[in-house]
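Please open the structure in your viewer and keep a selection tool at hand. The stops below go from the whole chain to single residues.

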Amino acid sequence: MNFITQIHQQSTATPCNNQQDVTILLTPNTNLGNPRNKTALKPGHSLMDWIRLGNSGADLAGTGGRVRPVSHAELAEHNKAGDMWMAIRGKVYNVTSYLDFHPGGVDELTRGAGKDATSLFDEVHAWVNYESLLAKCFVGPLRNTTVLNLGSPKGTMPPPAFLKPPTPVTPPADTPKTASAVSIVSSSSEDSAAKTLPVVPRFDWIQKTAEVSFIFYTRALCNPAVIVEHVNNLEFNVRFFLEGNVLHRYRFQASNNLQWPCTVRQSLETGKVEIVFNKLLPGLWTNYGTMEYDQKENYELELNEYDVATRIEITHDSCVLLLRPKNNSILQLTPIGHHISVSAPIEGEFVTRSYTPVPANAVPTDCPPTFIPLLVKTYPHGALSRHLTRPVPLATSLQLSQPSGNFALAKLKHHNRIALLAAGSGITPMLALLNYLLERTSNRMESISLLYFNKTEPDIWCREMLDNLCEKDKR
């Protein structure tokens, strides 16, 4: 049997040759509280404070802005509280400045000091987008460089077998008979595993009399995060957050006025993303305008301000929240299996938690395209959950991050009988996944079983929607 276990958007898989076997996805029972241990941070050390420090121009990496390779030996030298580096998936970060900002505490972070901390990171919180969080701390790639003398002079050992050619080769007459020292550079496991070409969206456009579509082709099952930002009726920006922590940015100057908001249509199976604007004045254009493009690796965290626009109680301790961006100028598309960080100022400190947005059809009211729908459970001692779900006044000035996570949708493409396990608020990542699986045309689903655990029947979220789905689709 093939098991894919999802815990806070973390996924691992055991290979299986039987495509008819059941794939099981699990989410934790968040009704039981936060299973992770947290450490009280010092005043002025919230996520918001860390982002401000990163944007202050301070040299957090300590390299003067220069990216350079780091050997294992050099990494091991930086293992103290005042000088601490660590490597995660082949990238070295100077985490000295981050120690007091780490929610797990200094001691927990110190476990990875001066070494490759990938396995430790995956044990605790593999779902965290560390590349954005530590972008300003990036020192360089982890590399090993070894110089081997392949000449085998008298009295020395011959070169190791793996360096010998499989068959003797007679060199040309003008080739020196003695081998010189050869520098062998071995890259990190991340580099050696990266066999596929990176995704670079291709752009095209089409139009009708009343609308124009800006189309981007990524890759099948790429599952990108997309953010569209409205500047004015002629200008807008598009950002794609893709695998490998690469940000692709497009800046458009349209040839004629557009109406905001736009509509984003996405085909996960093909990787096509279509951004559709209504034209302010109907008619055919001779061209779409102009576009500027750039890309950036190891991008930093970005925050946008939102307010709670709508609050609807769905159980005795849970609410639907529709979050509206300030000035209504951002449209954010969250990938399946990803989450966002929500921060709010509470009693002089920014408190941050992660939430998984749900599809618009999972909430009992109309949801405008620029709004972000959340299902939030209120905990008696939850500072942020109580703040978000208060009836009056509705919460304002929330800081939301771009989507984050590493759930690989492609791991499900060969499976057509799937079981989903969720408990309490752990249903949230399953809702978008359900929609996708039932709409999938390639390797069409045969059956989906959702086992959803709650304390009592009144605690069940989206009961009516799930019942209707079972009635509508016998799979």
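Predicted model: local features only at pLDDT ≥ 70, side-chain atom pairs only at ≥ 80, totals over all residues.

Residues are numbered from 1 along each chain as its sequence is written, and side-chain values use heavy atoms, with hydrogens and water left out.

Next, select β12, β13, β14, β17 and β20, which belong to an open sheet of 5 strands with antiparallel pairing, in the order β17-β14-β13-β12-β20; strands pair if DSSP finds at least two bridges between them. At the edges lie β17 (289–297) and β20 (330–333), each of which pairs on one side only. Zoom in on β12 (residues 225–230), which is joined to β20 by 4 bridges in the antiparallel sense, and find Glu-229, whose bridge partner in β20 is Ile-330.

Now turn to the largest nonpolar core, which has 31 residues, with Leu-409, Leu-431 and Cys-462 among those with the most contacts inside it. Such a core is a set of buried Ala, Val, Leu, Ile, Met, Phe, Trp, Tyr and Cys residues joined through side-chain atoms within 4.5 Å, where buried means under 20% relative accessible area with a 1.4 Å probe, protein chains only. Select α8 (428–439), which gives this core its largest share, 7 residues.

Terms used: Buried < 20%, exposed > 50% of the residue type's maximum accessible area, 1.4 Å probe, protein only. Helix = DSSP H or I, 4+ residues; strand = E, 2+ residues; numbered from the N terminus.
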